[in-house]
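Try each task before reading its solution.

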Amino acid sequence: MRFFGTTWVEHDGGYTGRRIGVAVGSLAAAVAACFVLRFAYQGLAIADVGRLVTVLVVVMFAVCSALAFGHTSGAFSKRPDPDRQASLRGLLTIGFVGSLLAYFFRSLSEAPGEKLRREEYETAKAQYARRTKRRAGNPAKKRHRA
């Protein structure tokens, strides 16, 4: 939501353009990240570290990216537990391509995290309306039902 400010509330102020920009930006970052990983793979091949190490590194990035994709997608619909988030920080860092792709796919339908923020916003708005609702008349003059 950091790129959207409050434009997600009413979908105004360049909301569509921002969503397109976020989608293109996250996809470009994911492609650039894949090129970086490709160079790392080529570095392993040049260093001739062995087939087992190369396979382990590729599998590690694939698994971490898949887990990061799932975690990031889930974080758009419910608030993640801060302790769990802290313990997964390393995994999410390694699987950054998955997080970027999750961001891209979510930005095709809405601002990433918009659904969660909208639910929280509507709840807060309803609570505020209940708190500020004015009483009708003087409660001391109210007739008591028998």
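**Exercise 1.** In this predicted model, find the side-chain partner of Glu120 in a salt bridge, and work out which parts of the chain the pair links.

*Solution.* Start with the contact: Glu120 forms a salt bridge with Arg79, at 2.9 Å from N to O. That passes the cut-off, which asks for a nitrogen within 4 Å of a carboxyl oxygen. Glu120 belongs to helix 7 (residues 114–132), while Arg79 sits in the loop between helix 3 and helix 4 (82–87), so the bridge ties together parts 41 residues apart in sequence. The count by this rule is 1 salt bridge.

**Exercise 2.** Are Glu120 and Arg79 buried, partly exposed or exposed?

*Solution.* Partly exposed covers the range between under 20% (buried) and over 50% (exposed). Glu120 has 33% relative accessibility, so Glu120 is partly exposed. Arg79, at 48%, is partly exposed too.

**Exercise 3.** Check the span of helix 2 against its number of residues, then look at its buried residues and at what follows it.

*Solution.* Helix 2 (residues 15–47) has 33 residues, and at 1.5 Å a residue these should span 48 Å. The end C-alpha atoms lie 47 Å apart, which agrees. Its buried residues are Tyr15, Val22, Ala23, Ser26, Ala30 and Ala33. After helix 2 comes Asp48, with a positive phi near 55°.

Terms used:
Residues are numbered from 1 along each chain as its sequence is written. This is a predicted model: local features need pLDDT of at least 70, side-chain atom pairs count only at pLDDT 80 or more; totals for chains, interfaces and linings use all residues. Side-chain values use heavy atoms; hydrogens and water are left out. Helices (H or I, at least four residues) and strands (E, at least two) are DSSP runs, numbered from the N terminus. The expected span of a helix is 1.5 Å times one less than its number of residues. Buried means under 20% relative accessible area, exposed over 50%, partly exposed in between (1.4 Å probe, protein chains only).
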